[in-house]
Amino acid sequence: MRSSDGNDVCAVVLCGGTGSRTGLSYNKVLYAIGHKTLLEYVLDAFAKSCVSRVVIAANEADRRAVQALAASYENVCVVAGGDTRTRSVQNGLQAAAGCDIVVIHDGARPFVTPRLIDDTVRAAKAFGSGIAAVPAVDTVKEAENGVITKSLCRDKLWCMQTPQTFSYAQLCDAYAKTDGTFTDDAELFAAAGYTPHIVTGEYENKKITTPADLVVGAPAYTKIGTGFDVHPLCAGRELILGGVHIPHDKGLQGHSDADVLTHAVTDAILSAADLPDIGVLFPDTDPATEGIDSLLLLQDVCRRVSDLGYTVGNVSAVVLAQKPKLMPHIGAIRRSLCNVLQTDESRVNVSATTAEHLGIVGEEKGMAAGASCLLTYDPQHNSK
Ligand code: MG
């Protein structure tokens, strides 16, 4: 298949790695973040790019699983990977024969974008190569035996990524001319006398290498939830907000301790995790929850979402109350909620507002609270 300018662009996706450094017992390209494996993220990006066909180089052990995933994509085939990265690329290049431009990509860089792929292809058409790379963020130094021997000028340092895209003929020639070990194709291309041309990559285009990468490498997998609650005010009840007892001449009425703020926060978490809401999980007909401290319900919900692999990213909540002034209690409320959410105070914001004497809140007939919660999916959870 040829693109509009007559060039046939083929990608070689390297899936020869194992899960050893990520702590997985299987090839990390088969690891799922959300509902998709790393390899599917990659194949989806290529399907939306100018690349017309994809060759996947996979180990024999993973061949069947990779083939099963590839089957739902058009113009994707699987070839044998090699013992080394170099050998895998060579096998891929053979299968890509006949193309004009070849895109080499790591199967463990799932967050590559079609835009970046196309940028490298454009550069390869113009200059013979297009190597995705980002300017170094950290200061890099050389060291030997624990002692720094050389400081490198950061302005000139770039961190190499893939895609690394080349004129097919030039890359084949480079492979024919050189042997030895190269960490990437840009190095081999340069060793053969060609000029690798940099294309500015994306910091999100991380290679999944360590267990931490499985978490932070998953920007696509956070979930937001919303909760809202109202309770009537009446005399003779304690006013409890976020687990904190607040002096007032009235308190909130309900089956539990009627902590309207904690209920809104709990519902926001349940909503983000796509679980039934607080009224379903803890029905007000259950004698066991009569008068219960709502922080215990929140704690139970935190355990449920944690079991599913979620951690609380942050919570933002607002209480609507005409009286009393809540500002002096906000610090204690935040600390109380943080204690149950097992997170630090910067991640739990609580604000309060009056209702300008309007409606049930303004007329002091009740209080309301709203909350949003961001949950982060923690894939390590499943590999424990
Ligand atoms: Mg409630």
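## Basis and confidence

In this predicted model, local features need pLDDT of at least 70 and side-chain atom pairs count only at pLDDT 80 or more, while totals for chains, interfaces and linings use all residues. Residues are numbered from 1 along each chain as its sequence is written, and side-chain values use heavy atoms, leaving out hydrogens and water.

The pLDDT is the predictor's confidence in each residue, from 0 to 100. Its mean over the protein chain is 92, and 94% of the residues reach 70 or more. Over residues 379-384 the pLDDT is below 50, and this stretch has twelve contacts in the model beyond near neighbours in sequence. A contact means heavy atoms within 4.5 Å. Where pLDDT is low, the predicted coordinates should not be read in detail.

## Helix α11

Helices (H or I, at least four residues) and strands (E, at least two) are DSSP runs, numbered from the N terminus. Helix α11 covers residues 330-341, twelve in number. From first C-alpha to last, α11 reaches 16 Å, close to the 16 Å expected at 1.5 Å a residue; the expected span is 1.5 Å times one less than the number of residues.

Buried means under 20% relative accessible area, exposed over 50%, and partly exposed in between (1.4 Å probe, protein chains only). The buried residues of α11 are I330, I333, S336, L337, C338, V340 and L341. Among the elements that cover them are α8 (260-272), α10 (294-307) and β16 (310-320). Just after α11, Q342 has a positive phi of about 55°.

G242 lies in the loop between β13 and β14. G242 counts as buried because its relative accessibility is 0%. Leaving aside neighbours within four places in sequence, G242 contacts D259, L261, T262, L295, I333, S336 and L337.

P324 sits in the loop between β16 and α11. P324 counts as buried because its relative accessibility is 18%.

## A buried acidic residue, D184

D184 is in the loop between α5 (168-177) and α6 (185-191). Asp and Glu count as negative, Lys and Arg as positive; His and the chain ends are not counted. D184 is buried and has no salt bridge, a term for a side-chain nitrogen of Lys or Arg within 4 Å of a carboxyl oxygen of Asp or Glu. The nearest side chain of opposite charge, R85, is 6.6 Å away.

The side chain of D184 does make a polar contact with the side chain of Q164, at 2.9 Å. A polar contact is a pair of N or O atoms within 3.5 Å; within protein, one must be able to donate a hydrogen and the other to accept it, and residues adjacent in sequence count only if both atoms are side-chain atoms.
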